[in-house]
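Hello,

Here is the structure I promised to pass on to you. Have a look at it first, and then read on for what turned up.

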Amino acid sequence: MAGLVPADFIETVRSRTDIVELIGEYVMLKRAGQNYLGLCPFHQEKTPSFTVSPSKQIFYCFGCSTGGSAFNFLMKRDHLTFHEAVEVLAHRLGLELPEPAGAHQGGRLQSERERSRREHYDLNAQVAAYYHQILTEDRVADQARAYLTKRGLRPQTWDQFTLGFAPASGQALLNTFAKKGFETQVLSTAGLLVSRQSGMQDRFRGRIIFPIYDAQGRCLGFGGRALGDEQPKYLNSPETSTFSKSHSLYGLNLALASIREQGQALVVEGYMDCITAHQHGFTNAVASLGTAFTHDQARLLVRYTQEVVLSFDRDAAGSAASLRGAEYLQELGAHVYVLDFPDAKDPDEFLRERGREAFSAVLRDHRLPFFEFRLEQLLQQHDPASVYGKAEIVGGILEELDRLDNIVERNSYIRLVAERLSVSEETIWKELLRNPNKRARKDRIEKNRYNMEQGKQAFASPSGSAAEIARRGLFRCMCQERDVWERVQQELGFAVFEGNLGRFVKAIEASSWSSPAAILENMPESDQAELAALLMTGDDQEIPPQQQERLVSDYLVTIKREQLNKEIAVRSAALQEYRKNEDKAGIMGVLAELDRLYKDLQALKNSG
């Protein structure tokens, strides 16, 4: 699997990579015993089943049965090859892949795709710096500077967000970067140029530039705002190898620390809303890059927090965005609130007109749980005093009630709806239960959750005989410590492991390994999930080294007892045959063997 990457270099990268830190950049993890738990990034779930082991440097999801090492995580998440994953992690550590023997043209063999992505990141960073310099220093940006100043943005904020300006000539970027050695095709592939009858031109000509970064601070692409009447008013980079509008959140790189510290994210609609919020001290704000808040943006956000406040424009498009965003976030288990601004169009306008304290008051006093926000919308759209109005409101709120997993929460909201409409709670319950398609979907969700929970319990409390449980426990310890591996080999031998365990032991024995993560990487992909599950089992509690050693001894004793009892059963059967045949010599020999076996068994009992 490693290909041309030397094994010792792979081991260096693996040993120096903290899998909790790596996965923590994509998944919000919480300590649980000696492991960490979070929502799986590979399937939709509301109850955390994704487990990361810092001691073993592996992960496993008890919901979708996906597991592996840090390399495997990147391979699955970013669709990389093993070589590419090694290269990415090496780059994080400041290491360069060694040049393999026979590499041509003095270069190392590396993924064209990953190299292209890195080149785009680097190009975008240079372009962002170029546009920023024009905004802050060039006279062609006088109108842009005046506009930003009028909107209340300070020069320090321009620097913080690397705001820029693209000259209206349409050739400035092309000419400047051609002199730096960049080919026109490279600039076009990165989404920086567009083709016109007169030739290639700067895509963002005459616009204020908003560089868009990911959580790691890499420049993905750009947004541009027209200063005149040019349409569209806002223009984003096209889909490239580094940028996808539906997968990105503006300002995330600057908001991430505050989101984690506060345990909450504030989602606004546009660049200016986000920037103004940060300038006024609300540094947990991110923008959705337009009104189309997507499921992928929701998944990105819940990696870092489970509490989200939505603050979109109060027009129809903004309300629709709030609805979509809340639905996606709730599906992923987030607690969603909606800000209801009094007499203001958007957060940017409100902050500029009323300031930080007024905005804080809105966050405190006008932050509605999404269900209440949706109910208020329906009450405004329909007449709650009329029969038809009541029916429309109940019909509109059923889907939101259906999404609520918590019974106490659902009962409370049914009571609230009943009070607001002056109808009985029983009536709303009947309407909810009359909705068979949604209830069936709900039942499937609950069934899947039950199955996942049962799976976790089965791993935590494995079934089977004491010896079977001991084999699995001993196997985990063997894969964790070489000393235990060698001790088992000397005291028991590996023949005691049967079935898949026996197959795994033979495969591991034939390979060179240094850790559970290395063991997983050396296994066929078809075996990695099952092996990860075995290695992660029983890791809920921290076990001190002294207890770990005693646990290994107990496992060994349990298996030895089983082996002795099996031998005793075989000898006892032989004894019956000798007695049938009146074979005195055979009887005496078997009795001697049985006496030895019983003494060995008693010795084991005494040692336990």
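Two residues are said to be in contact here when they have heavy atoms within 4.5 Å. Please keep in mind that this is a predicted model.

Ser-69 sits in the loop that links β5 (67-68) and α3 (70-78). Which residues does Ser-69 touch, not counting residues up to four places away in sequence? They are Ile-19, Gln-57, Ile-58, Phe-59, Ala-517, Leu-520 and Glu-521. Buried means under 20% relative accessible area, and Ser-69 counts as buried because its relative accessibility is 1%.

Now for the chain as a whole. The protein chain has 608 residues, and 48% of them count as buried. Its secondary structure comes to 26 helices and 16 strands. If you take the contacts between residues at least 6 apart in sequence, 64% of these join residues at least 24 apart.

The crossing of α1 with α4 is left-handed. On the α1 side the contact involves Phe-9, Ile-10 and Val-13, and these meet Phe-82, Val-86, Leu-89 and Ala-90 of α4. By class, that contact has seven nonpolar residues, with no polar and no charged ones.

The second pair is α15 (residues 370-381) and α16 (residues 387-403). Here the packing angle is about 165° and the axes lie 10 Å apart, which means that α15 runs roughly antiparallel to α16. This crossing is right-handed. From α15, the contact draws on Phe-370, Phe-371, Arg-374, Leu-375, Leu-378 and Leu-379, while α16 brings Ile-393, Gly-396, Ile-397, Glu-400 and Leu-401. Sorted by class, the contact of α15 with α16 has eight nonpolar, one polar and two charged residues.

Which residues of α22 are buried? Leu-501, Gly-502, Phe-504, Val-505 and Ile-508 are. Seen down the axis, these buried residues fall within an arc of 160°, so they line one face of α22. On the other side of α22, Gly-499 and Lys-506 are exposed. As for what covers the buried residues of α22, the list includes α20 (466-480), α21 (482-491), α23 (516-522) and α24 (525-536).

Finally, a residue from one of those covering helices: Leu-474 lies in helix α20. Is Leu-474 buried or exposed? With a relative accessibility of 0%, Leu-474 counts as buried. Leaving aside neighbours within four places in sequence, Leu-474 is in contact with Val-484, Val-488, Leu-492, Phe-497, Val-552, Tyr-555, Leu-556 and Ile-559.

Do write back once you have had a look.

Best wishes

Definitions and conventions: Residues are numbered from 1 along each chain as its sequence is written. This is a predicted model: local features need pLDDT of at least 70, side-chain atom pairs count only at pLDDT 80 or more; totals for chains, interfaces and linings use all residues. Side-chain values use heavy atoms; hydrogens and water are left out. Buried means under 20% relative accessible area, exposed over 50%, partly exposed in between (1.4 Å probe, protein chains only). Helices (H or I, at least four residues) and strands (E, at least two) are DSSP runs, numbered from the N terminus. The arc is that of the directions from the helix axis to the C-beta atoms. Axes are lines fitted to C-alpha atoms, for helices over the stretch in contact, and angles run from 0 to 180 degrees between N-to-C directions. Angles under 35 degrees count as roughly parallel, over 145 as roughly antiparallel, 65 to 115 as roughly perpendicular and the rest as oblique. A crossing is left-handed if the near helix is turned anticlockwise from the far one by less than a right angle, and right-handed if clockwise. Ala, Val, Leu, Ile, Met, Phe, Trp, Tyr, Cys and Pro count as nonpolar, Asp, Glu, Lys and Arg as charged, and the others, Gly among them, as polar.
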